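Hi,

Here is the structure I promised to pass on to you. Have a look at it first, and then read my notes below.

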Amino acid sequence: MAQTPRKIFLGVAWPYSNGSLHIGQIVGAYLPADIFARYHRAAGNDVLMVSGSDGHGTPITVRAEQEGRSPAEVSARFHEEFLESWQRLGISWDLFTSTGTENHARVAQEIFLKLLEQGDIYQDKMLLPYCLVEERFLLDRYVEGTCPICGYESARGDQCDNCGNVLDPIDLKDRRCKFDGSEPELRESEHFFHRLSAYEGPLKEWVRDKTYWRKPVLNWSLGWLEGGLKDRAITRDMQWGVPVPVQGWESKRIYVWFEAVIGYLSAAIEWAQGSGEPQRWREFWQDPECRHYYFIGKDNIPFHTLIWPSYLMGYSKATGENYSLPYDVPANQFQTIRGSKGSTSRGSAIFVPDLLSRYDPDALRYYLSATMPETSDSDFTWADFLRRNNDELVATWGNLVNRVLTFAYRNFDREVPQPGELRGEEAISQTGREIDLCHFRAGLEAAMSAAREANRYVEENAPWRLIKEDRARCATVLYTGICAIAGLNVAFSPYLPFSSQKQHGQLGNEGPVQAIGWRFSPPSPGQPLAEPEPLFKKLDPKIVDEEEARMGR
RNA sequence: CGCGGGGUGGAGCAGCGGCAGCUCGCCGGGCUCAUAACCCGGAGGUCGUGGGUUCGAGUCCCACCCCCGCUACCA
């Protein structure tokens with residue numbers, strides 16, 4: 001199926017390093033990206049998967065203020081935690097860096113200057129609320145007032161909680177500072193703007209043939225385009241972030257949403273430097289044959305389907321070089337927690353480090369893969385997690401492996417018996433096809449379905465009866481079962497990397513399971529079997545109540 | 001008020017113009033190699049509501065109702 005070796009670039013959302021990773025980020029972006037990357041690497045394609053901590057922006061400074069630390073300290077602390085989470089979850093980055101590197105600032109400033117020279121970025125004045133008491137410009141959300149649309153008195157500067165309309169703080173009546181209640185004055189501030197409006201035509205043209213994008217992704221993008229694109233301010237009155245590379249702008253910083261997306265490019269450059277071939281990033285960024293995929297949550301869609309492409313179009317033009325645009329942005333919907341969006345304050349957020357302290361990574365990966373919100377929001381419940389682990393992962397796949405290997409180990413001198421028919425090729429190719437299309441749930445289901453078929457095969461051929469009647473035939477049946485397992489193990493490997501590696505070893509193989517590639521490789525008859533041991537643990541039903549209690553229900 | 005997504009057997013989901021499908025659960029049976037796991041059979045849905053288009057509609061169109069997100073240390 002995977003025809004010619006391909007080049008694939010995966011850009012994955014940059015998490016704000018202001019708190020622990022939670023389950024929604026994993027299921028929404030990091031897990032699908034990892035499955036995709038693992039599959040393509042096994043299939044022999046050249047993959048570059050990058051991301052990093054987004055260490056700038058207001059969320060970081062807010063947290064830093066609360067803790068009385070510097071933004072840099074906060075960011076560094078969570079960056080370290082992220083690295084550990086990736087490792088334990090098995091998210092296989094080629095590079096996970098941060099926006100705090102010199103390299104990133106240099107690349108971001110370079111793009112900023114090129115776009116400035118070209119006229120894509122221009123200076124203008126804007127009126128911003130300035131608090132005389134706090135002596136600083138106030139962020140949109142720190143201004144409150146009366147909503148001009150519905151009259152609600154506690155509307156925030158960015159949006160009215162009552163009617164839901166997106167607002168501009170200037171439109172509010174009876175404005176007041178959220179901190180001290182004083183009335184902010186409107187003070188003129190000089191800022192740089194990106195001429196997004198100029199890219200409306202080119203973007204419309206570019207999006208036109210993206211019919212294969214997921215429905216929400218395409219509709220969201222088209223909706224923005226139809227509404228007309230507005231120029232966006234790309235600098236902010238703050239001290240934390242990438243400096244504006246223009247004289248006299250020392251008191252301002254580049255807006256986090258301008259520079260963070262540039263991380264996709266700067267990370268590739270950093271990766272190339274680290275690999276000892278500093279120019280190698282060009283293979284992924286400037287070769288038109290390389291396909292770019294961006295794995296993100298649905299809230300980030302316009303940034304990746306319109307805004308980031310507009311920067312790339314402009315930068316390509318300014319430099320005369322080709323910078324690839326996204327091929328697909330398979331954004332996921334949200335995974336709600338017991339029916340609503342995860343919330344720390346309501347005790348319904350589920351954080352990765354905590355989760356990994358009690359559960360195996362593959363159990364989590366299985367559950368999240370099976371319930372991935374690809375087409376619509378899906379819901380996380382502990383009861384469902386328990387059920388899918390015990391009744392699907394353990395009972396179907398885990399049990400197949402365990403029953404066949406245990407039987408073979410005991411009855412055939414602890415080695416792989418002699419050959420006969422069913423293999424695992426079909427599962428491998430079908431799962432591969434689905435992953436290639438970013439249908440991750442379907443890919444997993446294809447493998448599970450093949451595991452059920454293998455269980456049926458074992459049942460119908462009853463080796464426990466054959467062992468007494470026809471030892472040679474029994475060996476054939478078991479060999480066939482083992483072949484199915486070996487094949488299925490490849491199909492499951494992008495989803496369940498830890499247990500796949502273990503299974504690989506149980507069949508007496510050495511080296512990494514990925515070395516097989518994305519194909520069926522028959523086990524050698526006579527090869528010694530390791531003593532079988534269950535691949536997965538059954539969970540105790542009481543965890544449901546325990547976890548619910550832990551979440552403060 | 002607006003924008004996007006969704007409402008399909010007990011639960012979770014797929015189907016997106018042509019006899020309503022999958023996993024789990026449930027009921028009945030089989031097997032005993034296996035983590036009380038596995039296999040077979042069965043019951044169970046007028047596909048949110050009301051109109052319309054069509055020879056034919058979960059599947060297209062219109063209106064309405066409900067849920068989720070777009071705001072909150074939170075994808």
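What follows is a short tour of what turned up.

First, some housekeeping. This is a predicted model, where local features need pLDDT of at least 70 and side-chain atom pairs count only at pLDDT 80 or more, while totals for chains, interfaces and linings use all residues. Residues are numbered from 1 along each chain as its sequence is written, chains are lettered from A and ligands numbered from 1 in the order in which they are written, and side-chain values use heavy atoms, with hydrogens and water left out.

**Overall build**

Chain A has 18 helices and 15 strands (DSSP runs numbered from the N terminus: H or I of at least four residues for helices, E of at least two for strands). Along the principal axes, its C-alpha atoms fill a box of roughly 95 × 55 × 40 Å. Of the 553 residues, 55% count as buried (under 20% relative accessible area; exposed is over 50% and partly exposed in between, with a 1.4 Å probe and protein chains only). Take contacts (heavy atoms within 4.5 Å) between residues at least 6 apart in sequence: 76% of them join residues at least 24 apart.

S75 sits in helix α3, residues 71–89, and is buried at 11% relative accessible area. Leaving out residues up to four places away in sequence, S75 touches S17 and G55.

Helix α17 (residues 497–506) has P497, S499, S500, Q503, H504 and Q506 as its buried residues. They pack against α1, α11, α12 and α16. After α17 comes G508, with a positive phi near 85°.

**Empty space**

Rolling a probe the size of a water molecule over the atoms shows where empty space is left. On a 1 Å grid over the protein atoms alone, a cavity is a set of points where a 1.4 Å probe fits but cannot get out, and a pocket is an open set with protein on both sides within 12 Å along at least five of seven lines; lining residues have an atom within 4 Å of a point. Points are joined across faces, edges and corners, and a volume is the space filled by probe spheres set on them.

There are two cavities of 30 Å³ or more. The largest cavity, about 40 Å³, is lined by I23, I26, L89, V352, L355, L364 and L368. By class, that lining has seven nonpolar, no polar and no charged residues (Ala, Val, Leu, Ile, Met, Phe, Trp, Tyr, Cys and Pro are nonpolar; Asp, Glu, Lys and Arg charged; the others, Gly among them, polar). The second largest cavity is about 30 Å³, and α9 gives the largest share of its lining, three residues.

The second largest pocket holds about 290 Å³. It has 15 lining residues, and Y212, D328, L437, C438 and H439 are the closest to its centre.

**Cysteines**

How many disulfides are there? The count is zero, using cysteine sulfur atoms within 2.5 Å as the rule. C290 has its nearest cysteine sulfur, in C438, 14 Å away.

Enjoy exploring!
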